[in-house]
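Here's a quick briefing for anyone meeting this structure for the first time. Have a look at the model, then read on.

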Amino acid sequence: MSRPTVLTLPPCARAYRLDTERGSFAVHDARPEGAPIGTAVLVPGFTGSKEDFIALLEPLAAAGFRAVAVDGRGQHESPGPREEQAYAQRELALDVLAQARAVREADGGPLHLLGHSLGGLVTRAAVLLDAAPFRSLTVLSSGPAAIDAAQQARVRMLIDALGRLDMESVWQAMRELDPPEAANAATPPEIGAFLHRRWLNTVPEQLIATGRQMLEEPDRVAELCRTRLPVHVVSGAVDYAWPVPSMDEMAVRLSARRTVIEGAEHSPNAERPEKTAEALTGFWSGVG
């Protein structure tokens with residue numbers, strides 16, 4: 001589970017609902033002082049939300065980029081139906097394309113797409129449906145196929161619990177399933193309260209459907225390569241969901257830029273935001 005380190009939006013950002021032809025989505029939208037040199041749509045991961053990118057917003061805007069972080073359907077402050085089929089990967093990918101179109105209506109410049117963790121699989125699916133709107137794709141802490149075998153058991157347990165228990169009961173059980181770095185980190189009370197609130201706001205069918213996607217995702221690297229879209233593979237130095245060597249190999253297969261954020265693990269966006277923003281904006285500036 002991603003843990004934002006801050007919850008207050010910087011002065012350059014505002015929260016609102018982005019209206020698209022596929023519904024309304026809660027977003028955080030950060031803008032530079034002048035006209036943006038590019039715009040990035042930021043898609044969160046499993047159990048995550050737009051708040052996971054708050055620490056990135058100010059440095060991205062300071063570098064001249066507009067950044068729009070979204071809650072996907074059924075995530076935190078974006079509504080979603082109580083039906084698993086509504087969260088099929090194709091449906092989520094179509095949502096991303098609709099979000100991109102709505103964002104681009106305001107800014108006609110280069111549009112960059114970033115997906116964190118599960119969001120990396122969803123954004124890849126969106127690009128495979130239609131790469132034309134995007135100047136680049138950044139895959140942040142996400143790998144070529146299904147999550148690591150060691151993590152699959154945890155996700156299966158979670159899916160099983162979500163099918164039997166209410167969200168509060170599952171939340172309590174999840175405390176025993178946190179990865180070691182989460183268990184060893186002191187969580188400030190306000191962050192802990194937010195994580196609990198976000199969990200209860202998330203539609204359980206969304207978690208079940210997307211959890212299965214992480215267990216079953218095929219290797220689609222060759223398909224992505226054929227789009228010829230510039231790709232940036234970014235991760236921390238350690239990752240429990242996708243081993244770092246698998247992301248190294250994926251980057252080679254894609255002829256992609258590869259950045260490892262030292263001192264970060266699965267969420268460089270929250271753990272080392274300045275270094276992550278520097279890597280992102282350097283890549284976006286280079287591809288136009």
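How many residues does the hairpin that joins β1 to β2 run through? The hairpin gets from β1 to β2 through two residues. Keep in mind that this is a predicted model.

**Strand β2 and its neighbours**

- Start with β2, which covers residues 23-30. Six of its eight residues are buried, so the rest of the structure largely encloses this strand.
- On one side of the pairing list is β1 (residues 13-20), which pairs with β2 in the antiparallel sense over eight bridges.
- To find your way along that pairing, look for Leu18, whose bridge partner in β2 is Phe25.
- β2 also pairs with β4 (residues 65-70); these two run antiparallel and are joined by four bridges.

**Helices α2 and α3**

- Now turn to α2 (residues 89-104) and α3 (residues 118-129), which pack with their axes 8 Å apart, at an angle of about 75°.
- Angles of 65 to 115 degrees count as roughly perpendicular, and α2 and α3 are therefore roughly perpendicular to each other.
- α2 brings Gln89, Arg90, Leu92, Ala93, Leu94, Val96 and Leu97 to the contact, while α3 supplies Leu121, Val122, Ala125, Ala126 and Leu129.
- Sorted by class, the contact of α2 with α3 has 10 nonpolar residues, one polar and one charged.

Methods: Residues numbered from 1 in each chain as written. Predicted model: local features only at pLDDT ≥ 70, side-chain atom pairs only at ≥ 80, totals over all residues. Heavy atoms only, no water. Buried < 20%, exposed > 50% of the residue type's maximum accessible area, 1.4 Å probe, protein only. Pairing = 2+ DSSP bridges. Axes fitted to C-alpha atoms, helices over the stretch in contact; angles between N-to-C directions. Parallel < 35°, antiparallel > 145°, perpendicular 65-115°, else oblique. Contact = heavy atoms within 4.5 Å. Nonpolar A, V, L, I, M, F, W, Y, C, P; charged D, E, K, R; others polar.
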